[in-house]
Every structure is written in structure tokens, then in C-alpha cells.
Amino acid sequence: MPWRALQQHADGQLQAEGSDWAYRRPDVLRAPGVPLNQSGPKDDLKLRLLARVDPAAESEAARRWKQPLAVGMAAALGVALLLALQLVRSRSVELRRTRQLRAANQALTEANDNLRSVQADLARAERLSSLGLMVAGVAHELNTPLGSATLGLGTAQQELDTLAQRLRQGLRRSDPEQYLRAGGAGLETVHEALRRAAALVQRFKQVAVDRASMQLRVFDRAEIVRDADPRLRHLPPEGPIALRLHLAPDLQMDSYAGPLEQVVSNLLENALTHAFDGRARGCITLQTRADGPAHVLVRFADDGNGVPPAQLPHILDPFFTTRRHAGGTGLGLHIVHQTVTELLGGTLRAENAPEGGAVFVLRLPRQAQLRA
């Protein structure tokens, strides 16, 4: 059997007599360039080279090449495990950061909702404050014409009583003329006083409608400024806190009158609260003028203490106030800024005047956009 295997194959391995043998056909008799299976008659010699294989040496050789392979595979497995651990760790960090971001986003959403709620509450408080000021203004404004009407009616009643007494005692020719003259003057005073009172009621009624509604309407900018706050009609041009109005006439706007009045009222309140702290006298100047065919400029200035340069960039931010110990919320100017920019479609710039004091410049479109 071993010899038959040697004859059938050019090279290979076999077992004989309990040993492992390797054999190969020599090619010394083969012509150069001729394959072994095409060597022709020279193959008749049937020569074979035999070599005994040492199993221990073969096992050592196999071990030598398997050992580096095992080391390499172990190293690759270790690298794969490290990468897997790193991936798991990165995924864990990513999930933790995602949860943190979601929590932060939830907290920010809640804070934003709370801010809107506080702003709405402050706006309601401002409206109630403005309502109180308006009621006081109505009472003060109506007091004068109603007093005049009372005086005129008193005069007419006195003359009527005098005429009745003369009728009982004996009427003279001059008595009716005197009654008609004095009573007519009194009734004319009453008529004029009632006309003024009706005009005041109509104007304050329009102010109340503007404050309670969010409808566009055409109005004169100067009248809206005067009606924005009762103090704008009563602060004297010369006094401890003087008020000077420079209002361009016939400055028509088609905008939201109520919010615009609220802006002017808040700016006045801010100036009276902050500008003249520790000062006995001061002056507030309110100026309106056209800025091209499509815009109106409103300049609200005072000659008070001004704003510290470090605080100036933040005075329009929500909750920024220097009077928190005195009950300030820091939302007054922020609401003014939001109303001007978001509702009225304008811009608001705050700065310090070179000669001292704070200046707020509003640039408003004459035609406001319709808001929901």
C-alpha cells in the first residue's frame, strides 16, 4: 500500500511502520520549463525522495505559529471589548445628558410659563393702577365744570327767589329785566359747564375703551399722549417736577391706542420713581414728531440721575430692578419694550443724555399691523 501511494502521487505524506513519512518526486531529470506531469519517458525511473517526519518537531512548529495567532486574536478580542465598553459608556453618557437636557428644557418651559403668568398679573395690576389714576383724574377734571354748574344754578335759583319775592311785594318794571339778565348768565354758565363735563366723560370713556380693547383705530398722537395719564395734564410747566410737552399737531396714527397710552404712562411712572431720587427738582420732557411719512418718533427724557453705565444694557430685561427692597418687580420697562416691539411693531432705545438724565426713544409705525 505505501508503494502504491508513492506511485499514484508526485508528493504527499503517508504512515508506514509506525512512523510518518513525507515523499516527493525529484525533478532533476525533467527538462527545464516542462511540468512534472508532462516529463515523458524520463519518468520511468520512478525515483522518490522519502523523509521521516518528527511528530514532536511538527507539533512544535504548529505551536510556534499558533501561539502568535492566539496572541493576536486575544489582543483583537481585548480591543473589541474595550471598544464595546467605550461605546456602552458613551451611550450611557449620552442618555444621561439627554435626560438632563429634557429636564432642563422642562424647567425652562415651566419658567417661561411662570414668567408669562407674572407678566399677565403685572399687566393686570398696571391696568388696575391706571384705572385708579383715571378715576382720580375723572374726579378732578369733572370737579371744576360741575362746580361751575353748581354756582350757575345757585345764581339762577337766587334770582328766581328774588323775583318771586318781588311778585308778592309788588313787581317793578326793572325786576324782570334784572332776573332775565342774571338768570340767563347763570344758565349759560351751567350750559357751558355741562358741555365741558360731557366732553370729559366722552374722552375718558374713549380712554377706557382703548385700555380694555385691542382694536386698531385712527387717532391723533397728541391727544393720546395727553390722555395716557392724568398727571400729564396736571404737572405744571414750572414746579418741583416740571413737565414740558412738545407735541406735533395733526400726527395721525392707525394703531393700538390703549397699549400706546400704557407705554407713556409706564415711562412717566418710571421717571417719577427713579429719575429724581434724592433731588428736590427736576424736569420731564415729552416730545413727538414725524419721522418720514410712515413713522412717528416719541422722545421721553428727564434731567435726573440717569442710569449707571453698567446697568444700562439690562434695564429692559425682565426682573431687573434696583428697588427690589422697595417693592420693585423689574417688569415695568420690560413690558414697555415688549409692547413697543411686539404689539406696536416699533423699536425702543434707552440711553443716557450727554447733559444728564435718561432718554427713551420710541420709533413707531403710523400704520400698525393687525395682531391676533
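In the predicted model described here, H295 stands opposite P365 in strand 10, where helices (H or I, at least four residues) and strands (E, at least two) are DSSP runs, numbered from the N terminus. Residues are numbered from 1 along each chain as its sequence is written. As this is a predicted model, local features need pLDDT of at least 70, side-chain atom pairs count only at pLDDT 80 or more, and totals for chains, interfaces and linings use all residues, while side-chain values use heavy atoms, with hydrogens and water left out.

Strand 8 and strand 10 (residues 358-365) are antiparallel and share seven bridges; two strands count as paired if DSSP finds at least two bridges between them. Along this pairing, R299 faces V361 of strand 10. R299 also has a counterpart in Q287, which stands opposite it. Strand 7 (residues 282-291) is joined to strand 8 by eight bridges, again in the antiparallel sense, and L286 has F300 as its bridge partner in strand 8. The hairpin of strand 7 and strand 8 has three residues between the strands, and G292 adopts a positive phi near 80 degrees there.

On to the next pair: strand 9 (residues 347-352) runs antiparallel to strand 10, with six bridges between them. Here A350 is set opposite F360 in strand 10. These two strands form a hairpin with five residues between them, and in its turn G356 has a positive phi of about 110 degrees.

Taken together, the strands belong to an open sheet of five, in the order 5-7-8-10-9 and with mixed pairing. Strand 5 (241-247) and strand 9 are the edge strands, each pairing on one side only. Neighbouring strands of this sheet are turned by 10 degrees against each other on average, direction ignored; axes are lines fitted to C-alpha atoms, for helices over the stretch in contact, and angles run from 0 to 180 degrees between N-to-C directions.

Two helices complete the picture. Helix 6 (residues 257-275) lies across strand 5, strand 7, strand 8 and strand 10, at about 20 degrees to strand 8, with contact meaning heavy atoms within 4.5 Å. Helix 7 (residues 332-343) packs on the sheet and touches strand 9 and strand 10, its direction making about 140 degrees with that of strand 9.

How enclosed are the strands? Strand 8 (residues 295-302) is largely enclosed by the rest of the structure, because six of its eight residues are buried (under 20% relative accessible area, with exposed over 50% and partly exposed in between; 1.4 Å probe, protein chains only). Strand 10 is likewise largely enclosed, because seven of its eight residues are buried.
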